[in-house]
Amino acid sequence: MNQIQGIKGVKDVLPDESGAWQYIQQKARDIFHTFGYSEIIIPVIEFTELFSRSIGETTDIVEKEMYTFDDRDGKKITLRPEGTASVVRAYIEHNLRETAPFSKLYYIGPMFRRERPQAGRYRQFYQIGAEVFGIGHYMIDAEIISMLNLLFDSLNIKGVELQINSIGCPQCRPAFREALKGFFADKTSELCDNCKRRFEFNPLRILDCKSTHCHALSEKAPKTVDYLCNDCLSHFNGVQESLKTAGVPYINNPKLVRGLDYYTQTTFEFTGGTLGAQNAVAAGGRYDNLVAELGGPSTPAVGFSIGMERLSSLFDNSNVTKQSPSVFIVALGEQAQQQAFSIIVQLHKEGISTVMDYNGGSLKSQMRKADKLNSAQVIIIGEDELSKGIVVLRDMQSKAQIDVPVAEVVNRLRK
Ligand code: HAM
């Protein structure tokens, strides 16, 4: 029979790694709760228009990377390539602005982008994201960045570096756009094909191009910060001062424009030294116009998302305790198995993690399995024990064994 393989760029998270994922996600939840965030669970599918309108028609994600299909009623549906647009949609649809003065929301889940798979880049990947609605003050930008920094510290993530920038607002960005077009005007023939198009529709994105040639060409390009209006400049200065107060080190990266169109003012990325080409482990920024652009009331907003696979690859999981059963039951023969089964039923009801190998086998082979699974205690039931109405309880660490009457074994293990 032909073996069916998983889809390219789609990763299985095996038990070896899933413990680390759970640990990381629990840490994130705990820290987010400390900062006053609540979880929002958003759908995996949305109308395509939500993403094209928010992320931007001329972005790589919308142009080339979305998994889109026609629903049976002809409507276009897309597997979400990111979470922000859905959170904004839900914020508007459920009138969250009316129920709270501001909203701090977080989400964890899979996203889908049909990118070229490579190390750290998947077609299905998980994000842990957080978004704040209703606060325009620069301090919340610094707070959300320091929350991310705290999470990385608490996970002992080494070598990540915070880069920040401000890309201004609709008032000051047109002047910057023009300055950029002026700068690249006599260099268009040297740009990659993608950037030739970007020059027309989205010249800011040239600064973000991964091609080494375009990268070199943009070395002396105008800087966003030199074109900021007074409001945007004082916001950006405020973010930097507050990051200093919070003790979060950062680097100014004037080329950090981000690959999604909804950003205004602050943009930021945490990049990790060992991640290779796909080195952004988390990224985000302010997007003060998106709620209004999607039909809601004008609401300032800021947020970020972490790439779960990339964070996990930076995380040292050797200290995460592996799941192992407290008890392994070794039963020798059909009758002993019957006895064992009634014990295991009770142990499970008591919440005591217990396994047994119903395939049976010799004492030696079953003990080997108990050892391999790292179980703390083993219950052994053979013919002898059956006839005496007892079980043998073995402590796997001390290797001490005692006889325990069948009727008492659950009680004893409960203690
Ligand atoms: P993004 O930069 O597209 O931003 O993605 C955020 C993070 O998701 C990246 O830094 C990376 O760690 C991870 N990521 C993205 N694409 C892939 C992929 N193909 N494979 C593995 N990991 C990936 C956003 O998605 C925005 N929604 C962030 C945001 C939230 N801005 C404001 N609020």
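Analyst: Contact here means heavy atoms within 4.5 Å, and helices (H or I, at least four residues) and strands (E, at least two) are DSSP runs, numbered from the N terminus. The classes are simple: Ala, Val, Leu, Ile, Met, Phe, Trp, Tyr, Cys and Pro count as nonpolar, Asp, Glu, Lys and Arg as charged, and the others, Gly among them, as polar.

A word on the ground rules: this is a predicted model, where local features need pLDDT of at least 70 and side-chain atom pairs count only at pLDDT 80 or more, while totals for chains, interfaces and linings use all residues. Residues are numbered from 1 along each chain as its sequence is written, and side-chain values use heavy atoms, with hydrogens and water left out.

User: What makes H1 oblique to H6?

Analyst: Their axes come within 10 Å and cross at roughly 140°. Axes are lines fitted to C-alpha atoms, for helices over the stretch in contact, with angles from 0 to 180 degrees between N-to-C directions. Under 35 degrees counts as roughly parallel, over 145 as roughly antiparallel, 65 to 115 as roughly perpendicular and the rest as oblique. So H1 is oblique to H6.

User: And why is H2 called roughly perpendicular to H4?

Analyst: The axes of H2 and H4 come within 9 Å and cross at roughly 105°, which makes H2 roughly perpendicular to H4. Leu 50, Phe 51 and Ser 54 in H2 meet Ala 85, Ser 86 and Arg 89 in H4. This contact has 3 nonpolar, 2 polar and 1 charged residues.

User: Are Arg 258 and Thr 274 buried or exposed, and how do you know?

Analyst: Arg 258 has a relative accessible area of 10%, so it is buried. Thr 274 has 69% relative accessibility, so it counts as exposed. Arg 258 sits in the loop between strand E8 (251-252) and strand E9 (266-272), whereas Thr 274 is in the loop between E9 and strand E10 (280-286).

User: What is said about the phi of Arg 258?

Analyst: Phi of Arg 258 is near 70°, a positive value in a residue other than glycine. It stands out because most residues other than glycine have a negative phi. Asn 156, also not a glycine, has a positive phi of about 60°, and lies in the loop between H6 and strand E7 (160-166).

User: Finally, how does the chain's radius of gyration set against that of a compact globule?

Analyst: A compact globule of 415 residues would have a value near 22 Å, but the chain has 28 Å. The radius is taken over C-alpha atoms, and the globule rule is 2.2 Å times the number of residues to the power 0.38. Along its principal axes, the C-alpha trace spans about 90 × 55 × 45 Å.

Conventions. Buried means under 20% relative accessible area, exposed over 50%, partly exposed in between (1.4 Å probe, protein chains only).
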